[in-house]
Amino acid sequence: MKPDLPRYKTSDEVDFVIVGSGAAGGIMAKELSTNGFRVVVLEQGPYLTEADFVHDEIKVLNQDLLTNKPKLQPTSFRKTPNEKAKPQRALVYGRCVGGTSVHFTANFWRFHEIDFVERSKIGPVPGADLRDWPITYADLEPYYSKVEWEIGVSGLAGASPFDPPRSKPYPMPPLPVKSSGVILERAARKLGWHPFPAPMAILSQPRPGRSACVNCGFCLAFGCEVGAKSSSLAAAIPVAEKTGRCEIRPNSYVHRIEMDSNGRVTGAVYFDEKRNTHLQKARAVIVCANGAETPRLLLLSANKQFPNGLANSSGIVGKYLMLNSGGVATGVFEHQLNDYKGFAVSRLFHDFYELDAQKVGFYGGGGIDARFDLTPVSFALGALPPNTPRWGKGFKDTLAHNFTRTMEIFGHGTSLPVETNSFSLDPDLKDAWGLPALCLTYKDHPDDVKLANWLSRRALELLDAAGAQQKWAPTIGEQQFAVHLLGTCRMGNDPKTSVINSDHRTHDVKNLFLCDGSSLVTSGRGQPTMTIEALAFRAADRITALAKRGELA
Amino acid sequence: MTENLSRRNFLSRGSAAVSAVWLSAHWPAMVAAAEHAHQSAKSSAPPKFQFFSPEQAAEIEAITARIIPSDETPGAREAGVVYFIDRALTTFAVDDQKTYREGLPGLQTRVRELFPNVERFSSATPEQQDQVLHSFDEQANSGGRNFRPNAAAHPFFETVRVHTIIGFLIDPDSGRAGNRDGIGWKVIGRDRDHMFQPPFGYYDKDYAGWQPNPPDAEKTKA
């Protein structure tokens, strides 16, 4: 039985309106409603549940069941601000209750100490504006533990010698090892590296109302039909709704934040499913709409006081976008791995988390995992060896032989914050509601491309040591498609070079908060969601304290 | 060995891995899903074509049969791919109708150009058919994760190629008339079970359990 859910009137001034119900928004809703506040969550996508999470690759991948809709929400791309952007599919993000956490891989590494203080440690990097965070790993550590225990993360504490200190073990053991994991573990040890069981936001043991993973194999890009993937939908929103103080309002597309003459925001304006416009009033607004839509919403909310975008006195809203770099190598083995069974990743290593720029000749670092995250159609269309015939007997034979014998080694790495890399409003292109579309401007810092290819070479070395019968790695070029959306409203102490302070409060507007991938100051090593969720837990604590001290009124 | 639990078993009796709470919370949805699967099974007799005429269907099926041929194992023909494409063109791939409508006559013209004595694609020999299709396709270098269509290929051929692969491998329970009886998954070695238990494959079968990394492991920088 679902609890009786509150239905607030738009004219009710609730305590908080939260824009977005994903990794950050879901946790924010859970924490603030649990702390006694009245909360409305406005989510642009539908409220899907487990029964909707089918294995139909057309519905999920071609028809964007869980993600932003290119036909309704066109985007454009250019490499540099001097170019005219071309309409092009430029990003994917979760567009349903639970956001991207519904379909993500669920790799849940913590950031390490270095990620917060890299600028102090290595100094400036030419062509980038690398900065320290205003908080450290130690500030965030209790919240990482909170994510693991409250959302449900499986893993083995102490298994990686490179892991940062932790106050608690994982709440449940790692998921079972896959053949790809065993292959990585053996080969990595041969090479003197230090593999460990992957921390995953997927249950290895059941929790109340949620099953342990049943290894169905439709994981990355799909929603979990048994609630084993620790999405906001499965792990946070039910708790928020149970308080009786939180309303999740789906199909609500927020396109403007209103402000009064005293410089305070008064609520969020949104289109409902029938495109009627409403203003949900609130004492404070928290935007958790992701690293693309959060800056877009601020830019769309420009007003007399903030002609360049709400809370954008710095002029950097949308800038310093980081997508994470990455390299990949694919290997085919003699015997069947059957890696299509189960979740994506069971083993990884962090020996290259912090590379010595003097030795390798570029800034960066990364983690390397073994995975198989492709479903049958995607595999057949995108993962056969180079020069395999595209059809006919040669195609069929290779497909039939390789599907059960293929695995991938993925390197996940840093991106540098470059000012011109950004999300902005396209001057011409409009979405289906007539609003300016997102424009992605992105050109990898040269070090990011070097790192990606360096990681690919380590992946090939590993496949070689593992005795792969066939292996290949494409040369990685500059990216023009965004999945990880980081750094576009970054946190900092200086209002000239950051958008929010360490409480996630915008420097410019006292009752406006931002928390999601846009808050990140550095990119980490490719697995941002764990940190986004830790930040959300911490921000909820800070916001609660401010509200209780009467500092939001 | 892996315990094989069919989807039906999974739905009717659950398993130790599924908590009782989850079962009670999801029972109505699961019953609905089982009912849907039952309906799909009942309607697995070849449906009537919605988009193609029988003659067009015969030509398209002949093309799919060269893309994924039937040999020692079944191919696109046995997996009913032409039915998948027919349904696709009236559902999610409506936009491709024109490509098919204009592409098929073009293909037949090419057949008669290359083989004046052959009336249509389906009556050509397999070797002749391959020659016709090759004239529409140029090998693209597909290293790595290249999901983009081959720009060098003729749009009609590329569309049929991609549709054939999807129709061969789509989830057979998706109600899209493709991958009939899970034939495509059998060919690539994917079990149709809905859930799996370890060990999954050859390399994890004899895994001795996690052993810690050597304690003297030093944090070294590359």
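**Figure 1. Helix 3 of chain A and its buried residues in the predicted model.** In this predicted model, helix 3 of chain A covers residues 114-122, and its buried residues are D115(A), F116(A) and E118(A). These buried residues pack against helix 4 of chain A, which spans residues 137-152. Just after helix 3 of chain A comes G123(A), whose phi is positive, at about 85°.

**Figure 2. The packing of helix 4 against helix 13 in chain A.** Helix 13 of chain A, residues 529-548, packs with helix 4 of chain A at an angle of about 105°, and the axes of the two helices are 8 Å apart. Because of that angle, helix 4 of chain A is roughly perpendicular to helix 13 of chain A. From helix 4 of chain A, the residues L140(A), Y143(A), Y144(A), K146(A), V147(A) and I151(A) take part, and they meet M530(A), E533(A), A534(A), F537(A) and R538(A) in helix 13 of chain A. When the residues of this contact are divided by kind, 8 are nonpolar and 3 are charged, while no polar residue is found among them.

**Figure 3. An open sheet of 4 strands in chain A.** The strands of this sheet in chain A follow the order 4-3-15-14, and their pairing is mixed. Strand 4 (86-87) and strand 14 (422-430) of chain A stand at the edges and have a single partner strand each, so one side of each is left without a neighbour in the sheet. Strand 14 of chain A runs antiparallel to strand 15 of chain A, residues 436-441, and the two are joined by 5 bridges. Within this part of the view, S424(A) stands opposite C439(A), which belongs to strand 15 of chain A. Helix 8 of chain A, residues 293-300, lies across strand 14 and strand 15 of chain A and runs at about 60° to strand 14 of chain A.

Figure 4. L460(A) counts as partly exposed because 19 C-beta neighbours lie inside 10 Å, whereas a buried residue would need 20 or more. If its neighbours within four places in sequence are left aside, L460(A) is in contact with A329(A), K471(A) and A473(A). K281(A) is 179 residues from L460(A) in sequence, and the two are 55 Å apart in space, C-alpha to C-alpha.

**Figure 5. The side of chain A that touches chain B.** In this contact between the chains, 69 residues of chain A meet 62 residues of chain B. The elements that give two or more residues to this side of chain A are helix 2 (57-62), helix 5 (179-190), helix 9 (357-360), helix 10 (376-382) and helix 11 (393-402) of chain A. Helix 10 of chain A gives the most, with 5 residues. Sorted by kind, the residues on this side of chain A comprise 37 nonpolar, 19 polar and 13 charged. For the complex, the predictor gives an ipTM of 0.95 and a pTM of 0.92.

**Figure 6. Chain B, its helices and the confidence of its prediction.** Chain B has 8 helices and 0 strands, and 34% of its 222 residues count as buried. Among the contacts in chain B between residues at least 6 apart in sequence, 55% join residues at least 24 apart. The pLDDT of chain B averages 80, and 69% of the residues score at least 70. Over residues 1-38 of chain B, however, the pLDDT is below 50, although this stretch has 41 contacts in the model beyond near neighbours in sequence. Where pLDDT is low, the predicted coordinates should not be read in detail.

Conventions. Residues are numbered from 1 along each chain as its sequence is written. Chains are lettered from A and ligands numbered from 1 in the order in which they are written. This is a predicted model: local features need pLDDT of at least 70, side-chain atom pairs count only at pLDDT 80 or more; totals for chains, interfaces and linings use all residues. pLDDT is the predictor's confidence in each residue, from 0 to 100. Two residues are in contact if their C-beta atoms, placed from the backbone, lie within 7 Å. A residue is buried if 20 or more other C-beta atoms lie within 10 Å of its own, exposed if 12 or fewer, and partly exposed in between; C-beta atoms are placed from the backbone. Ala, Val, Leu, Ile, Met, Phe, Trp, Tyr, Cys and Pro count as nonpolar, Asp, Glu, Lys and Arg as charged, and the others, Gly among them, as polar. Two strands pair if DSSP finds at least two bridges between them. Axes are lines fitted to C-alpha atoms, for helices over the stretch in contact, and angles run from 0 to 180 degrees between N-to-C directions. Angles under 35 degrees count as roughly parallel, over 145 as roughly antiparallel, 65 to 115 as roughly perpendicular and the rest as oblique.
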